[in-house]
Amino acid sequence: MSTHEAGSLHAQGRAPAWLEVPQDVNALLQQIWPDTAHKGDDGVLRVGGLSAPEIVAQVGTPAFVLDEADFRGRAQAFAHAFADAFAHLAGARVHYAAKALISVGIARWLAEDDLAVDVCSDGELDTVLRGGIAPNRVTFHGSNKSDAELAQAMALGVDLIVIDSLAEIDQAERVAAALDCQPEVMLRCSIGVEAHTHEYIATSHEDQKFGLSVADGSAAQGVRRLAEQQRLQLRGLHTHIGSQIFDTEAFQLAIRRMARLTAQIEHEHGLNLPELGLGGGFGVAYTTGHDPLAPAAIAGRMAAHLEQECQAAGVAVPHVTIEPGRAIAGPAGVTLYTVGTVKPVTLDGGFTRLYVSVDGGMSDNIRTALYGAEYSATVASRYSTAPPQLSRVVGKHCESGDIVVKDEYLPADVAAGDILAVPVTGAYCHSMASNYNAIGRPPIASVRDGLLTVLVRRETMDDLLARDLFA
Ligand code: LLP
């Protein structure tokens with residue numbers, strides 16, 4: 001028995017405020033699981049028509065499992081919501097942010113469903129092209145693009161290149177001249193909006209590396225530079241205020257500032273800016289502590305704000321692009337692990353925390369260590385009658401910060417061999433995975449209607465050693 005003698009509820013005081021002791025430790029909190037996920041009376045998790053043990057029998061653990069219908073449903077919900085909400089204005093297009101999660105198979109879904117994509121490296125660009133995304137459906141981002149990346153993007157004819165610095169204007173002009181092309185660009189502006197999110201993923205306050213600052217005059221200087229030359233065609237302004245944002249006022253403020261900036265530039269330079277990039281950043285529920293808005297509500301509010309702010313600024317409403325990544329990929333993904341060592345650790349005051357080790361960790365989910373991200377977990381392979389015990393899910397890496405789920409109530413009888421599932425791992429987990437401790441990265445398996453497809457296979461020891469010229 002792993003709980004403290006005072007009982008499992010003894011641990012309550014150490015749990016974060018949002019974490020409630022579950023009535024039934026087997027139950028799924030439906031709002032944080034993919035659409036097709038459910039548990040039967042046997043306590044076994046099913047997703048995409050397959051049980052967790054069936055998935056594990058096919059691909060092992062740890063494994064990223066992607067609910068295809070959920071992913072595609074969310075992408076389409078964003079596409080339709082923005083198309084509808086902006087139809088009476090100049091329209092809007094959704095570019096899925098590939099950085100959240102991409103593979104050739106995923107790019108194929110996006111191509112089939114007519115989504116556009118945003119990429120920020122030649123690797124992401126190559127992946128989406130191989131999946132059949134047309135270059136003119138791609139926006140190319142990056143705060144330190146190489147000449148080769150710019151040349152590739154220009155030669156392919158991507159829809160837009162988003163300029164991130166004054167230096168990049170000269171660089172892009174030079175590369176375009178060598179190719180004798182006239183690419184369309186947006187200018188990424190940082191507009192001093194402090195969105196309420198983790199410091200490392202807030203991107204439009206002043207003291208950070210992205211975009212051209214409006215406050216210090218770089219943005220105005222960038223526009224002047226662009227207006228002076230003939231090569232690069234300025235189609236509009238762009239801003240991305242950060243990621244995992246629930247604060248709708250931050251988006252509203254961003255729209256106000258961008259509308260005013262657009263008006264000011266059009267007025268001062270006699271330029272026409274028909275496009276406005278508003279980035280991504282829409283928050284998702286990792287735990288019951290989060291309550292995100294549905295795409296239709298986000299789109300409706302943004303369209304209303306844009307109309308109002310453009311009218312106030314005296315400027316025509318531009319066509320809008322948005323770039324959601326997390327809100328499409330995040331909730332569609334679940335990581336399956338196998339439990340190994342289970343260790344009760346008794347702390348001051350007799351409080352016991354149960355450390356539940358899994359066969360992955362910070363190499364497949366760095367977000368907990370990097371951002372203090374909060375996750376949830378459930379035993380996915382059986383029903384338990386044991387009481388809830390405050391637990392910490394940790395990995396197999398050699399450091400104490402190797403935490404996957406900092407606080408969760410798991411059944412007190414959780415044991416080696418159980419399958420543990422962690423939801424909302426579709427975004428920024430596989431894409432930020434590493435080989436720390438020479439551990440191979442997990443596969444991505446998509447599931448749909450009882451069928452499993454391996455999109456990306458597990459990394460083998462040979463893969464790990466492939467670059468080691470002495471192996
Ligand atoms: N557009 C631009 C220009 C971006 O830089 C980003 C994310 C997005 C769109 C997509 O944002 P999303 O809708 O996914 O929030 N690794 C961090 C997130 C970094 C986001 C970087 N840029 C995390 O795991 O939370």
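# Notebook: hairpins, helices and one buried serine

I began at a turn: β20 and β21 form a hairpin with two residues between them, and Asp449 in that turn has a positive phi of about 50 degrees. A reminder to myself before going on: this is a predicted model.

**Entry 1: around β20**

Strand β21 covers residues 451-456, and five bridges join it to β20, the two running antiparallel. As a pair to find on screen, I picked Val447, whose bridge partner in β21 is Leu452.

Then I checked β20 for another neighbour. Strand β4 (residues 63-67) pairs with β20 in the parallel sense, over four bridges. Here Val65 stands opposite Ala445 in β20.

How many of the five residues of β20 are buried? I found that four of them are, so strand β20 (residues 444-448) is largely enclosed by the rest of the structure.

**Entry 2: around β15**

Next I went to another hairpin. β14 and β15 form it with five residues between them, and Gly349 in the turn has a positive phi of about 80 degrees. Strand β14 spans residues 333-346 and pairs with β15 in the antiparallel sense over six bridges. For Val339, the bridge partner in β15 is Val358.

I also followed β15 to strand β17 (residues 388-394), where the pairing is parallel and runs over four bridges. Tyr355 has Arg392 in β17 as its bridge partner.

Why is β15 described as largely enclosed by the rest of the structure? I noted that strand β15 (residues 352-358) has six of its seven residues buried, so the description follows from that count.

**Entry 3: an open sheet**

I turned to an open sheet of three strands, in the order β1-β2-β3, with antiparallel pairing. Its edge strands are β1 (38-39) and β3 (50-51), each of which pairs on one side only. Strand β2 (residues 45-47) meets β3 over two bridges in the antiparallel sense. To see it on screen, I looked for Arg46, which stands opposite Ser51 in β3.

Now for helices. I first reminded myself that two packed helices are described by the angle between their axes and the distance between the axes.

I looked at helix α2 (residues 68-85) and helix α3 (residues 104-112), whose axes come within 11 Å and cross at roughly 45 degrees. That angle makes α2 oblique to α3. The crossing of α2 and α3 is right-handed.

Which residues meet there? From α2 I listed Glu68, Phe71 and Arg72, and from α3 Ile106, Trp109, Leu110 and Glu112. I then looked up which residues of α3 are buried, and found Gly105, Ile106, Ala107, Trp109 and Leu110. Just after α3, Asp114 takes a positive phi of about 65 degrees.

**Entry 4: α4 and α5**

The contact is made by Asp122, Leu125 and Leu129 of α4, together with Glu149, Gln152, Ala153 and Leu156 of α5.

**Entry 5: the buried face of α7**

I picked helix α7 (residues 218-228) and noted its buried residues as Ser218, Ala219, Gly222, Val223 and Leu226. Seen down the axis of α7, these buried residues fall within an arc of 140 degrees, so they line one face of the helix.

What do the buried residues of α7 pack against? I wrote down α6 (166-179), β9 (184-190), β10 (212-213), β11 (233-238) and α8 (248-269).

**Entry 6: Ser376**

I ended with a single residue. Ser376 lies in the loop between α11 (367-371) and β16 (378-379). Is Ser376 buried or exposed? I found a relative accessibility of 7%, so Ser376 counts as buried, the cut-off being under 20%.

Leaving out residues up to four places away in sequence, I found that Ser376 touches Ile32, Tyr286, Val405, Glu408, Ala421, Val422 and Pro423. I also looked up Arg188, which is 188 residues from Ser376 along the chain; their C-alpha atoms are separated by 35 Å.

Notes. Residues are numbered from 1 along each chain as its sequence is written. This is a predicted model: local features need pLDDT of at least 70, side-chain atom pairs count only at pLDDT 80 or more; totals for chains, interfaces and linings use all residues. Side-chain values use heavy atoms; hydrogens and water are left out. Two strands pair if DSSP finds at least two bridges between them. Buried means under 20% relative accessible area, exposed over 50%, partly exposed in between (1.4 Å probe, protein chains only). The arc is that of the directions from the helix axis to the C-beta atoms. Contact means heavy atoms within 4.5 Å. Axes are lines fitted to C-alpha atoms, for helices over the stretch in contact, and angles run from 0 to 180 degrees between N-to-C directions. Angles under 35 degrees count as roughly parallel, over 145 as roughly antiparallel, 65 to 115 as roughly perpendicular and the rest as oblique. A crossing is left-handed if the near helix is turned anticlockwise from the far one by less than a right angle, and right-handed if clockwise.
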